[in-house]
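Reader: I am new to helix packing. Could you take me through a structure step by step?

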Amino acid sequence: MGSDTVTGTAEWREAPEESEAGRRRSQGGRTAPHGGEGPGGGLRYGSRPLWVEEPARRHPVPDPVRAAAVRAVLVIAVTLIQAMVAFLCTLAGSWLAFPMVMSSVAGTVVATWAAVDVWVTRQVWNQRHGVISEPSSTARALRRERRARRRQERAALREQERIRRRGGAGQLSHP
């Protein structure tokens, strides 16, 4: 009780040489067969942690797109609150109803702009950084050209450095 491990029947049926506990036993470590820590301080036989933390490889959404989405959510939330306040002020017959309705209309325009901004930011990011889905992708061709250009620049710099190290030997006296 209170343990952070789960034991299933599949682990108990495993051959000792295939399980982690079996490997530990064959290496000289002793484990308890039915719960708790074994005399050697190892894990229980056939137990495993509830979860294993794995670092995320990358964000599912690029940072600029995520920032635009957060802005959009905040603007839409504020607009919905404004609309609700305008509705309640209208029901109550408050003098604040008209200004709130006007601000809700303006908020709706801004919220629409924010939602479109997410879409545009995503499209721009995809176009610039290339989500490659087919061999003829323009992003792939641009990257290939950029790499070739950098390669040529590095080769020219190496050649200049090599000539400098030789003291200028091999250079023509006039261009």
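Predicted model: local features only at pLDDT ≥ 70, side-chain atom pairs only at ≥ 80, totals over all residues.

Reader: In what order do the elements of the protein chain run from the N terminus on?

Author: Start with the totals. The secondary structure comes to five helices and two strands. Read from the N terminus on, the order of these elements is β-α-α-β-α-α-α.

Reader: What percentage of the 175 residues in the protein chain is buried?

Author: Buried has a cut-off here: under 20% relative accessible area. Of the 175 residues in the protein chain, the share that is buried is 19%.

Reader: How far apart are the end C-alpha atoms of α4?

Author: Helix α4 covers residues 97-129. It has 33 residues, and at 1.5 Å a residue they should span 48 Å. The model agrees with that, since the end C-alpha atoms of α4 are 47 Å apart.

Reader: And how far does α3 reach from its first C-alpha to its last?

Author: Helix α3 covers residues 63-92. That gives it 30 residues, with 44 Å expected at 1.5 Å a residue. The reach in the model is close to this, at 43 Å.

Reader: Is α3 roughly parallel or antiparallel to α4?

Author: Two packed helices are described by the angle between their axes and the distance between the axes. The axes of α3 and α4 come within 8 Å and cross at roughly 165°. Angles over 145 degrees count as roughly antiparallel. Therefore α3 is, relative to α4, roughly antiparallel.

Reader: Which helix do the buried residues of α4 pack against?

Author: First list the buried residues of α4. They are A97, M100, S104, G107, A111, A114, D117, V118 and T121. In α3, the buried residues are V65, A68, A72, T79, A86 and C89, and what covers them includes α4. The buried residues of α4, in turn, pack against α3.

Reader: Is S104 buried or exposed?

Author: S104 lies in helix α4. Leaving aside neighbours within four places in sequence, S104 is in contact with T79, Q82, A83 and A86. Its relative accessibility is 8%, so S104 counts as buried.

Reader: Which residues is T121 in contact with, leaving aside its neighbours within four places in sequence?

Author: T121 is also placed in helix α4. Its relative accessible area is 17%, so it is buried. With those neighbours left aside, the contacts of T121 are P64, V65 and A68.

Reader: What distance separates the C-alpha atoms of A115 and A72?

Author: A115 has its place in helix α4. It is partly exposed, with a relative accessible area of 38%. Along the chain, A115 and A72 are 43 residues apart. Their C-alpha atoms are separated by 5.6 Å.

Methods. Residues numbered from 1 in each chain as written. Heavy atoms only, no water. Axes fitted to C-alpha atoms, helices over the stretch in contact; angles between N-to-C directions. Helix = DSSP H or I, 4+ residues; strand = E, 2+ residues; numbered from the N terminus. Parallel < 35°, antiparallel > 145°, perpendicular 65-115°, else oblique. Expected span 1.5 Å × (residues − 1). Buried < 20%, exposed > 50% of the residue type's maximum accessible area, 1.4 Å probe, protein only. Contact = heavy atoms within 4.5 Å.
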